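Q: Please take a close look at the aromatic ring pairs in this structure. Which rings pair, how are they oriented, and where do they sit?

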Amino acid sequence: SACLVGSEMCIRDRSTQSTGPNIPEDFISIVDTIVNGKLVEDAHIFVDYTGHKERLDFRGPDDKTDRLRIYRFFDTQKQYTVNVDAQNCTVAALTEPERAPFSWAANATKEVHPCHAGQNVGKVGILWYVPGTTESRFLCASEDGTTPYWVERKTRTETDYYRFHAFLPGTPPSTVFDLPAFCSK
């Protein structure tokens, strides 16, 4: 229902919402995202938060870039960047901490206005947000709170954005995290 910003109904709607969406932390998805300021379409993301590993598959914004895979193993603190076409692999220390992708959403505030799922014509969701002084997060999710349509994280210096085309909850098969033979662990 629509309301006037600042009206009693809007304030009541915001203050009575106690829990945010419950999106699984283990999943497979196909997304559009922004990498270094450029749109990357149809990236595949595999997240095994329970097993402490992630994989991101994508091709550069111009579609002429080789196919890349980034494997992150949080238990060993290693990140592998694999160029599938050139068959080379680089390994680096994983310096960023592991984060549950959607854990923050459970404490998010429900916005009174609906959100739209971007190119998924006809899908209307609920907008959730967590404001902050150094970082703010926004999530457009299905009305039942189990499927993300898009998510955005803003800091003073960067913005991360993911628009979901597909979202399959559950732990990805372990073979998804097998490194290619030319890449030694």
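A: Y71 and F73 are both buried. In this predicted model, the ring centres of these two residues are 6.3 Å apart and the planes meet at 10°, which is under 30 degrees, so the pair counts as stacked.

Another of the pairs joins F27 and F102, whose ring centres lie 5.7 Å apart.

As for position in the chain, F27 is in strand 1, which covers residues 27-35. F102 is in the loop between strand 6 (88-93) and strand 7 (109-116). The pair therefore ties together parts that are 75 residues apart in sequence. F27 is buried, at a relative accessible area of 4%, and F102 is also buried, with a relative accessibility of 4%.

The F27 and F102 rings are also part of a cluster, in which ring pairs link them with F164 and F167.

On confidence, the chain has an average pLDDT of 84, and 84% of the residues reach at least 70. Residues 1-17 have a pLDDT below 50, and this stretch makes 19 contacts in the model beyond near neighbours in sequence. Where pLDDT is low, predicted coordinates should not be read in detail.

Methods:
Residues are numbered from 1 along each chain as its sequence is written. This is a predicted model: local features need pLDDT of at least 70, side-chain atom pairs count only at pLDDT 80 or more; totals for chains, interfaces and linings use all residues. Side-chain values use heavy atoms; hydrogens and water are left out. pLDDT is the predictor's confidence in each residue, from 0 to 100. Contact means heavy atoms within 4.5 Å. Rings of Phe, Tyr and Trp (its six-membered ring) pair if their centres lie within 6.5 Å; planes under 30 degrees apart count as stacked, over 60 as edge-to-face and the rest as tilted. Helices (H or I, at least four residues) and strands (E, at least two) are DSSP runs, numbered from the N terminus. Buried means under 20% relative accessible area, exposed over 50%, partly exposed in between (1.4 Å probe, protein chains only).
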